[in-house]
Amino acid sequence: MTKDGTIKYGLVVPLIGGMAIANEKATGEKPSFILSYEAFGANDAHCVNRFPDSPYILADGDTNEVEDQGDLFNGVDFVSAVCPCAGLSMLNSNNGDSAKARGGDAAQNDWMYKSTRLVLEKVGPKVLWGENAPGLYTKMGDKVVENLREIGKEFGYSFSMIKTNTFLHGIPQHRQRTFYFFWKDSEAPILGYYEREAPMLEEYLDQIPAGATYMDKPFGLGDINENGWFKYAKHKGWSVQQLVESKYKTMFHWVTGENLMDECEEWAEANEQPQIAKFVKHCKTKLADNKGWWDGTPLIFHEATNAIIAKNAAIVRPGTERGISIREAMHLMGLPHDFELMGGSFNHICQNVPVTTAADWTSEVVRFIKGEITEFGGDFVKQNNVSKRIDVAEIKKAVSLF
């Protein structure tokens with residue numbers, strides 16, 4: 001932190017830029033640099049476009065070396081990270097030995113280790129922190145946490161984690177995530193908890209101003225009138241709004257809840273809807289075998305969505321007869337209404353950190369840097385923002401650190 005109180009920070013593997021925008025929102029400053037690897041160039045392009053005056057520096061993916069940057073890395077308060085989290089994602093169903101496998105030994109976790117070592121060794125900020133899958137907080141993440149803690153100890157950092165849900169940060173999206181932190185020359189602080197009121201989904205999406213770009217581009221579901229599931233619902237006398245305001249969360253949830261599986265299958269076969277008939281048959285077989293299935297039918301939410309991911313893109317826009325647009329998906333991630341995408345991969349929207357969530361934890365990092373946090377919990381702390389509970393800590397009072 002400079003003498004005038006300005007926070008100096010950088011980014012590592014920022015991907016689309018939700019974390020970066022949150023950092024700017026909380027500090028009032030733009031990032032001093034963007035550090036990444038060539039492998040993430042397409043993902044980072046959106047963030048680089050948003051912050052054109054921030055140097056974009058690529059480290060060598062093999063050696064993990066980076067060219068000397070002079071004074072650029074001196075006096076850095078924090079660096080934020082958004083490394084790929086598929087290695088600990090419950091949505092990753094690959095449990096094998098491939099490079100895309102899930103679990104503590106997954107190769108995809110290597111980017112988190114590599115970027116952590118790069119930042120702690122080459123930059124040495126007061127805080128390095130980032131976002132990852134909810135699995136990092138659970139037993140599945142124990143080995144990853146152990147490895148991260150060992151890297152941190154090597155460079156004189158304590159370690160902490162906090163579990164949260166985007167719904168608690170003012171956006172109507174239920175997105176469970178884990179944030180992890182490395183704290184320089186300090187025991188890990190006890191962070192504050194957040195529970196902001198989120199508007200209803202329709203009210204929140206109505207905040208988007210007229211004329212915003214991407215409103216004409218469907219995110220995963222276009223005109224509902226062309227969708228077989230909704231044709232069947234109308235055949236049964238259900239309007240789209242009735243479905244949205246019902247207790248059901250997906251169209252197949254509605255079918256099963258109304259005891260319509262057999263009738264739906266017969267209707268689908270008689271009305272040239274082979275994919276619906278095939279899906280219902282598949283689910284009936286799974287049900288008979290006492291097994292589960294992935295429900296990929298259109299989502300009908302009234303209060304809040306579930307996590308915005310590629311598999312959950314077919315979300316009905318309340319108050320309309322269409323799916324949510326690309327712009328509405330971006331708004332559900334907290335991205336500014338003028339945010340522009342680079343390239344055609346809309347899935348990058350999902351590989352992101354909701355801005356309000358990250359802004360709240362940025363504020364906690366800034367409180368630490370300014371010496372405003374007075375409770376600490378040893379070299380390892382786990383906090384749960386959902387239950388407002390400390391799961392692991394050795395509570396201590398401490399004096400100013402810097």
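Which residues is Glu 265 in contact with, leaving aside its neighbours within four places in sequence? I looked this up first, in a model that is predicted.

**Entry: Glu 265**

I found Glu 265 in helix 9, which covers residues 261–270. Beyond its sequence neighbours within four places, Glu 265 is in contact with Ala 277, Val 280, Lys 281 and Lys 284. I then checked one of these pairs by backbone. Glu 265 and Ala 277 are 12 residues apart along the chain, and their C-alpha atoms are separated by 4.8 Å. Is Glu 265 buried or exposed? Its relative accessibility is 12%, so I log Glu 265 as buried, the cut-off being under 20%.

**Entry: Thr 297**

Next I went to a loop. Thr 297 sits between helix 10 (274–288) and helix 11 (326–332). Its relative accessible area is 5%, so Thr 297 counts as buried. I looked for polar partners of its side chain. The side chain of Asp 295 makes a polar contact with that of Thr 297 at 2.6 Å. A polar atom of the Thr 297 side chain also lies 3.1 Å from the backbone nitrogen of Phe 252. Not counting residues up to four places away in sequence, I list Trp 229, Thr 250, Met 251, Phe 252 and Phe 279 as touching Thr 297.

**Entry: helix 4**

I took the span of helix 4 next. Its 13 residues, 142–154, reach 19 Å from first C-alpha to last, close to the 18 Å expected at 1.5 Å a residue. Which of its residues are buried? I noted Val 144, Val 145, Leu 148, Arg 149, Ile 151 and Gly 152. Seen down the axis of helix 4, the buried residues fall within an arc of 160°, so they line one face. An α-helix has 3.6 residues a turn, so residues three or four places apart point the same way. The buried residues of helix 4 pack against helix 3 (110–122), strand 6 (157–165), strand 7 (176–184) and strand 9 (380–384). After helix 4 comes Gly 156, with a positive phi near 85°.

**Entry: nonpolar cores**

I finished with the cores. The largest nonpolar core has 93 residues. Phe 33, Leu 35, Trp 129, Phe 181, Phe 219 and Ile 349 touch the most other members. Helix 12 (residues 355–369) gives this core its largest share, eight residues. I followed up Phe 181. Beyond residues up to four places away in sequence, Phe 181 touches several residues, including Leu 128, Trp 129, Phe 159, Leu 191, Trp 361 and Val 365. A second, separate core holds 27 residues, among them Ala 233, Leu 243, Met 261 and Cys 283.

Conventions: Residues are numbered from 1 along each chain as its sequence is written. This is a predicted model: local features need pLDDT of at least 70, side-chain atom pairs count only at pLDDT 80 or more; totals for chains, interfaces and linings use all residues. Side-chain values use heavy atoms; hydrogens and water are left out. Helices (H or I, at least four residues) and strands (E, at least two) are DSSP runs, numbered from the N terminus. Buried means under 20% relative accessible area, exposed over 50%, partly exposed in between (1.4 Å probe, protein chains only). Contact means heavy atoms within 4.5 Å. The expected span of a helix is 1.5 Å times one less than its number of residues. The arc is that of the directions from the helix axis to the C-beta atoms. A polar contact is a pair of N or O atoms within 3.5 Å; within protein, one must be able to donate a hydrogen and the other to accept it, and residues adjacent in sequence count only if both atoms are side-chain atoms. A nonpolar core is a set of buried Ala, Val, Leu, Ile, Met, Phe, Trp, Tyr and Cys residues joined through side-chain atoms within 4.5 Å.
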